[in-house]
Amino acid sequence: MSVRVAVVGSGPAGFYAASALLTSDLDVEVDLIERLPTPWGLVRLGVAPDHPNIKAVSRAFEKTALQPGFRFFGNVEIGRDVSHEELRRLYDAVVYAVGAQTDRRLGIPGEDLPGSWPATAFVAWYNGHPDFQELEFDLSHERAVVIGNGNVALDVARMLALTPEELAPTDTTDAAIEAIGRSGIREILVVGRRGPVQAAWTPVEVGELGELAGADVVVDPADLELDDESAAELEAAPPTVKRNVEHLRGYASRAPAGKPRTIRLRFFSSPAAILGDGRVEAIELGRNELVGGRAVATEDRETVPCGVVFRSVGYHGVPLAGVPFDERTGTVPNDGGRVEPGLYVAGWIKRGPSGVIGTNKKDATETVQLLLADARAGALPTRRDGSLEELLAARGVDAVMYGGWEAIDRTERAAGEPRGRPRIKLCRWDELLAAARAS
Ligand code: NAP
């Protein structure tokens with residue numbers, strides 16, 4: 001008899017888990033359950049639209065979706081349409097691969113002033129996430145501040161700086177292309193609390209800043225004069241960190257070419273407060289010193305006028321009703337992906353929001369190996385009771401199956417083709433569901 005597994009969440013971790021299950025030597029059936037009508041998670045709705053090569057990983061996921069034993073159930077939300085307990089009864093095993101769905105907080109005054117946004121909301125908006133299309137980003141001010149030194153901060157800074165010509169061949173939403181095109185932003189200030197050696201970004205992302213048509217990159221050479229601690233850290237660091245610093249040295253020694261916008265990378269600075277009367281008008285930055293690898297505030301403070309702030313200091317997981325959760329780490333406590341026999345986690349809800357897409361392959365494979373070991377040992381609680389499709393039908397839930405997603409995909413590509421764009425995304429729930437039903 002086959003092992004029936006529900007994988008919840010159709011981003012990279014969910015698809016890599018499905019793939020490892022379906023290519024195992026056991027007879028496994030996988031139902032991949034997703035709250036949106038569309039698969040691929042952050043590959044569709046997080047990866048920056050000007051990075052089509054990264055988005056192309058979805059081609060591998062398409063192959064998994066066509067394997068015998070695989071079914072996609074989009075537009076089905078656990079906790080709303082089906083409970084965790086029901087899933088446990090319906091399947092031999094459940095794997096949560098739901099990612100980290102909210103943003104980490106800064107915990108400073110003014111954080112919630114209008115004009116202070118989590119970067120995650122801006123990313124979801126320009127990528128066409130149907131829950132974020134009503135947001136209105138005021139980009140009319142001269143300076144935007146991006147807090148954080150990770151790849152998401154660089155995505156946001158770059159997207160704010162791209163020219164209409166650079167955005168045109170991407171699948172950025174029309175609303176975002178239009179808003180960025182008429183934005184008044186002249187300076188994008190990216191603020192890191194530690195130094196250039198400690199930044200979390202990766203060399204390709206740092207390097208491509210230097211190739212933007214419409215923005216100069218400015219780095220203060222003083223920020224690259226390393227103290228003994230950072231010099232030793234750089235010496236021992238992996239080549240990626242060395243390449244990051246080489247790129248930064250290049251920017252520091254380059255005279256600005258006079259492009260319309262400037263991306264200014266500023267280090268050793270933490271936001272102390274976001275200031276303004278009813279909306280963001282300035283940010284107070286405190287100068288830090290590095291002590292034992294940590295940013296320690298000095299007395300030195302500066303107020304920098306700005307009209308919009310994007311807080312890009314990492315994602316945070318959200319608890320699932322009925323599933324254990326560690327609020328501090330934002331993850332489900334687990335051992336190698338096993339919560340208990342029959343219940344597993346993969347991806348960011350397992351290890352926290354770190355790594356690149358490929359990291360999730362190893363991560364999900366580790367989880368699946370434990371699941372398969374439990375199946376072979378007869379340790380999975382066998383609690384079959386009906387089927388998901390019967391339960392959804394009884395509740396009137398209109399699941400979008402894989403054919404429905406393929407219909408959305410065709411509609412979007414057909415709309416993009418005459419305009420030389422990879423696709424024009426449907427980004428409203430009603431449009432997505434209507435296109436899926438037309439399959
Ligand atoms: P991240 O890589 O964890 O970076 C978070 C940044 O926020 C770090 O610079 C961190 O500094 C800073 N930070 C945290 N708390 C702070 C605070 N209270 N005040 C000031 N700064 C603070 O997170 P992310 O950028 O959201 O990216 C998430 C993951 O997705 C990462 O693994 C990333 O590489 C990946 N990703 C990859 C790509 C790509 O490959 N192109 C694109 C986007 C995202 P400290 O180091 O000092 O803590």
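Q: Which residues is Lys350 in contact with, leaving aside its neighbours within four places in sequence?
A: Lys350 is in contact with Thr331, Val332, Asn334, Gly336, Gly337, Val345, Asp363, Glu366 and Thr367. Contact means heavy atoms within 4.5 Å.

Q: What am I looking at, and how are things numbered?
A: This is a predicted model, where local features need pLDDT of at least 70, side-chain atom pairs count only at pLDDT 80 or more, and totals for chains, interfaces and linings use all residues. Residues are numbered from 1 along each chain as its sequence is written, and side-chain values use heavy atoms, with hydrogens and water left out.

Q: Back to Lys350. Is it buried or exposed?
A: Lys350 is buried, at a relative accessible area of 9%. The cut-offs are under 20% relative accessible area for buried, over 50% for exposed and partly exposed in between, with a 1.4 Å probe and protein chains only.

Q: Which side chain does the Lys350 side chain have a polar contact with?
A: Glu366, at 2.7 Å. A polar contact is a pair of N or O atoms within 3.5 Å; within protein, one must be able to donate a hydrogen and the other to accept it, and residues adjacent in sequence count only if both atoms are side-chain atoms.

Q: Where does Lys350 lie?
A: Lys350 lies in helix H13, residues 348–351. Helices (H or I, at least four residues) and strands (E, at least two) are DSSP runs, numbered from the N terminus.

Q: Ligand next. Which residues come nearest?
A: Asn149, Arg193, Arg194, Glu205 and Gly355 come nearest, out of 22 residues around the ligand. A residue is near a molecule or strand if one of its heavy atoms lies within 4 Å of it.

Q: What classes of residue are in that shell?
A: The shell has 9 nonpolar, 8 polar and 5 charged residues. Ala, Val, Leu, Ile, Met, Phe, Trp, Tyr, Cys and Pro count as nonpolar, Asp, Glu, Lys and Arg as charged, and the others, Gly among them, as polar. Helix H7 gives the most to the shell, with 3 residues.

Q: Which polar side-chain atoms lie 2.8 Å or 3.0 Å from ligand atoms?
A: Arg194 has a polar side-chain atom 2.8 Å from a ligand oxygen, and Asn151 has one 3.0 Å from a ligand oxygen. For Glu205, an N or O atom of the side chain is 2.8 Å from a ligand nitrogen. The protein covers 81% of the 920 Å² of accessible area that the ligand has on its own. Accessible areas come from the Shrake-Rupley method with a 1.4 Å probe; for residues, only the protein chains shown count as cover.

Q: What does Thr202 contact?
A: Asn151 and Asn244, leaving aside neighbours within four places in sequence. Thr202 is in the loop between strand S8 (187–191) and helix H10 (203–209), and is partly exposed at 26% relative accessible area. Thr202 and Val241 are 39 residues apart in sequence but 7.5 Å apart in space, C-alpha to C-alpha.

Q: Changing topic: how many residues are in the largest nonpolar core?
A: It has 45 residues, and those with the most contacts inside it are Leu160, Ile188, Trp201, Leu248, Ile263, Leu265 and Phe310. Helix H7 (residues 151–161) gives the most to this core, with 7 residues. A nonpolar core is a set of buried Ala, Val, Leu, Ile, Met, Phe, Trp, Tyr and Cys residues joined through side-chain atoms within 4.5 Å.

Q: And which residues does Phe310 contact?
A: Beyond four places in sequence, Phe310 is in contact with residues including Trp117, Phe122, Phe137, Val156 and Leu160. A second, separate core of 41 residues includes Leu32, Val43, Ile408 and Ala435.

Q: Why is helix H6 largely enclosed?
A: Because 8 of the 8 residues of H6 (residues 119–126) are buried. Among them are Phe122, Trp125 and Tyr126. Just after H6, Gly128 takes a positive phi of about 85°.

Q: Which non-glycine residues have a positive phi?
A: Trp40, near 90°, is one of them, and Asn75, about 60°, is another. Most residues other than glycine have a negative phi. Trp40 is buried at 5% relative accessibility, and Asn75 is buried at 10%.
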